[in-house]
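Could you help me learn to read a protein structure, one feature at a time? I would like to hear the general idea and then see the case at hand.

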Amino acid sequence: MSQFSSMFNGLARSFSIRRGKNPGNGDGREAAEAMAKDAKKNDLILRSSGFVNIDGSNNFASVFSKRGRKGVNQDCTIVWEEFGCQADMLFCGIFDGHGPWGHFVAKKVRESMPSSLLCNWQETLAQASLDPDFDLESDKKHHRFHIWKHSYLQTCAIVDRELEHCRKIDSLYSGTTALTIVRQVTEAFNSSNIGDSRAVLATTSDDGNLVPIQLTVDFKPNLPQEAERITQCKGRVFCLHDEPGVHRVWLPDEESPGLAMSRAFGDYCIKDYGLISVPEVTQRHITSRDQFVVLATDGVWDVISNEEAIRIVSSTPDKAKAARHLVESATRAWKKKRKGIAMDDISAICLFFHSTPLSIT
């Protein structure tokens, strides 16, 4: 196992990965779930509005969520410091539920996704270690990303399959988006996106200005590749007369369910007609110019631009209140720009890359 870098050693030790051991048993999943329980007990997991800043860590995350005008808040979040017993890693995610059982679906995915990802990462590492031609040190960036991507793809397939068979939650006409990030301090972060939540990076340009870089795609049904897949599967994409510009996914012969996104967990009524739960997985290498990343549900992006979001966050004197400031700004924007339309749930996570205050005027 000497070829594994220090980034992997903590998790590898936690799961007792050894060359020649079969990774397909249930030990990894049980260990991952035990890690989650220990992390929650030690306040390393944040599952409500607030912020997390572990002593001695460079991670700083501000989190806030506000209920809209449609009923119970179906958004939920998670920030997990020391992810996988790694002192230099953090997992954070934002989930936007929809449908009658949407808040239950979002919480279920939030609970199961991190531990499942840990388990699949362990199994992928173990399988790679059995390959005599595998050498992590030969191309660290490529191998690390490949391992994370494979782990995410496996995880999302498993989580969606388990959700379908969960008797306590009726997800036939309910589902959730899922936008998550695994950050390796000082190195890089990997993002996985299912649905229409969005991640935006704030980085410093050559002229010293803070500029946004959108890291994820809003998976709306009218995107060419999404619409093509849906129509090939006999699903339909169109806007209602009273919602011009809002494209939705419909069953072949029914005016249902009318999903405003093309990828989601759950929603099994339309999974055979083009809706998928396959994530887009990307990697971003952190540079000294990168300041922070914003993860937010569409309740923010429906009324706030990428440029406005990073300006709002960067102008907040107290970083612990950055997410709240962004959510409250989006709330005011809803009242001005969307009069007569019920405000959506609004949630945001602001993950800062530097422990020192931002020097932004």
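The dialogue below walks through a strand, a threonine and the cysteines of this predicted model.

Q: How should I think about the two sides of a strand?
A: In a regular strand, side chains alternate between the two faces of the sheet. In β5, one side carries M89, F91, G93, F95 and G97.

Q: Which strand is joined to β5 by 7 bridges, and in what direction do they run?
A: That is β4, residues 75-81, and the two strands run antiparallel. To see the pairing in the picture, find W80, which stands opposite F91 of β5.

Q: What about β7: how many bridges does it share with β5?
A: Strand β7, residues 178-184, pairs with β5 over 6 bridges, in the antiparallel sense. Here F91 is a handy landmark again, as it stands opposite V182 in β7.

Q: And where does β6 come in?
A: Strand β6 is made of residues 175-176 and pairs with β5 through 2 bridges, also antiparallel. Look for H98, whose bridge partner in β6 is G175.

Q: Now a single residue. Is T203 buried or exposed, and why?
A: The idea is to compare its relative accessibility with a cut-off: under 20% means buried. T203 has 8% relative accessibility, so it counts as buried. You will find T203 in strand β9, residues 198-204.

Q: Which polar partners does the side chain of T203 have?
A: For this, look for N and O atoms that come within 3.5 Å of each other. The side chains of T203 and D290 make a polar contact of 2.7 Å. A polar atom of the T203 side chain also lies 3.3 Å from the backbone oxygen of R289.

Q: Are C156 and C233 buried or partly exposed?
A: C156 is buried because its relative accessible area is 0%. C233 has a relative accessible area of 30%, so it is partly exposed.

Definitions and conventions
Residues are numbered from 1 along each chain as its sequence is written. This is a predicted model: local features need pLDDT of at least 70, side-chain atom pairs count only at pLDDT 80 or more; totals for chains, interfaces and linings use all residues. Side-chain values use heavy atoms; hydrogens and water are left out. Helices (H or I, at least four residues) and strands (E, at least two) are DSSP runs, numbered from the N terminus. Buried means under 20% relative accessible area, exposed over 50%, partly exposed in between (1.4 Å probe, protein chains only). A polar contact is a pair of N or O atoms within 3.5 Å; within protein, one must be able to donate a hydrogen and the other to accept it, and residues adjacent in sequence count only if both atoms are side-chain atoms. Two strands pair if DSSP finds at least two bridges between them.
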